[in-house]
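The following exercises concern the geometry of one protein chain. Each task is followed by a solution in steps.

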Amino acid sequence: MSASDESPCFSRPRMVAKKVHGKLSHDGDGAVVRRAIGRGDLRSLDPFLMLDEFSVSPPAGFPDHPHRGFETVTYMLQGGITHQDFSGHKGTIHTGDVQWMTAGRGIVHSEMPAGEGVQNGLQLWINLSSRDKMIEPRYQEIPSEEIKRAETDGVEVRIIAGESMGVRSPVYTRTPTMFLDFTLKPRAQIHQSIPETWNAFVYTIEGEGVFGTVNSSAVSAHNVLVLSLGDGLSAWNRSSKQLRFVLIAGQPLNEPVVQYGPFVMNSQAEIDQTIEDYQLCKNGFENAKYWRSQSQ
């Protein structure tokens, strides 16, 4: 075993503090999700509110619904999702594409499968600070071929946000965020720096991996690993098959979180106001009065 296996160059290596298996449940209109963050045993991980791995086949999907006060990041693993919103924004993201949507003061939209068969992806909800919750909505849509990549010693990384192997993503993260998609060939290892005070987690997509220390137990697919604080994470693929996982980290907001379904604010009074705004189609929800998506 090499020296790099035993003692990677982190002063405070991150360890696995908690493991949560993504349990299958139903969401939207007939969609199947594995919710790993945003449920009882892992309600949130500041600034992250929810992580779903979704699987949806026509005619199921996520018909017209609102958001306020946070961002959604949709990353397609297989297939495609077509998005429409009440301001006329439309688009389809396919395998490897990313949509980074800042809901801000309000969006009503639909997310429906773009083809036959199973469409599979990840959706992450990132909280916005109190000063950003009522900003105008915006989108960053990054096709797969434009996502930055780096590769070394049997490790490939797709850099959706943040930096890895000296390569930085151009995606703007209003709440400072790292989102890295790693693929490790058998026997490969990676040592990834993470800002020391950020909260971080791993979600395993495929294969089995060892995280934190080289002698810890291997973790299979569909698990969230909440990491302790520190300046970096080490991961090893000790198996004979490919390992794929995402490493996601973000700067904590350290603000009160009051959530009512798709609305996330800082106080109950703000939630009450948001419900009123949505019901009366005002203060950012004006377009909701007459709009229906083409899938409705």
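**Exercise 1.** Is Tyr278 buried, partly exposed or exposed?

*Solution.* The model is a predicted one, in which local features need pLDDT of at least 70 and side-chain atom pairs count only at pLDDT 80 or more, while totals for chains, interfaces and linings use all residues. Residues are numbered from 1 along each chain as its sequence is written, and side-chain values use heavy atoms, with hydrogens and water left out.

Step 1. Set the cut-offs: buried means under 20% relative accessible area, exposed over 50%, and partly exposed in between, with a 1.4 Å probe and protein chains only.

Step 2. Tyr278 has a relative accessibility of 30%, so Tyr278 counts as partly exposed.

**Exercise 2.** Examine the aromatic pairs, and state how the planes of Tyr278 and Phe285 are arranged.

*Solution.* Step 1. Rings of Phe, Tyr and Trp (its six-membered ring) pair if their centres lie within 6.5 Å; planes under 30 degrees apart count as stacked, over 60 as edge-to-face and the rest as tilted.

Step 3. Phe211 belongs to strand E20 and Phe245 to strand E23 (residues 243-250), so the pair ties together parts that are 34 residues apart in sequence. Both Phe211 and Phe245 are buried.

Step 4. For Tyr278 and Phe285, the centres are 5.4 Å apart and the planes are at 70°, so this pair too is edge-to-face. Phe285, at 0% relative accessibility, counts as buried.

Step 5. One aromatic cluster is formed by Phe182, Phe211 and Phe245.

**Exercise 3.** Inspect the backbone: which peptide bonds are cis, and which residues have a positive phi although they are not glycine?

*Solution.* Step 1. Recall the background: most residues other than glycine have a negative phi, and most peptide bonds are trans.

Step 1. The bond joining Asp46 and Pro47 is cis, with omega about 10°. Pro47 sits in the loop between strand E3 (31-37) and strand E4 (48-56).

Step 2. The bond from Pro58 to Pro59 is also cis, with omega near 5°; Pro59 is placed in the loop between E4 and strand E5 (62-67).

Step 3. His222 has a positive phi of about 70° and lies in the loop between strand E20 (210-211) and strand E21 (223-227).

Step 4. Cys281 has a positive phi of about 55° and is found in the segment after helix H2 (268-280). Its relative accessibility is 18%, so Cys281 counts as buried.

**Exercise 4.** In what order do the strands of the sheet that contains E1 and E13 run, and which strands stand at its edges?

*Solution.* Step 1. Two strands pair if DSSP finds at least two bridges between them.

Step 1. The order is E1-E21-E19-E23-E17-E14-E13, an open sheet of 7 strands with antiparallel pairing.

Step 2. Strand E1 (16-21) and strand E13 (148-152) are at the edges, each with a single partner strand, so one side of each is left without a neighbour in the sheet.

Step 3. E13 pairs with strand E14 (residues 155-161) in the antiparallel sense over 5 bridges. Within E14, Arg158 is the bridge partner of Arg149.

Terms used. Helices (H or I, at least four residues) and strands (E, at least two) are DSSP runs, numbered from the N terminus.
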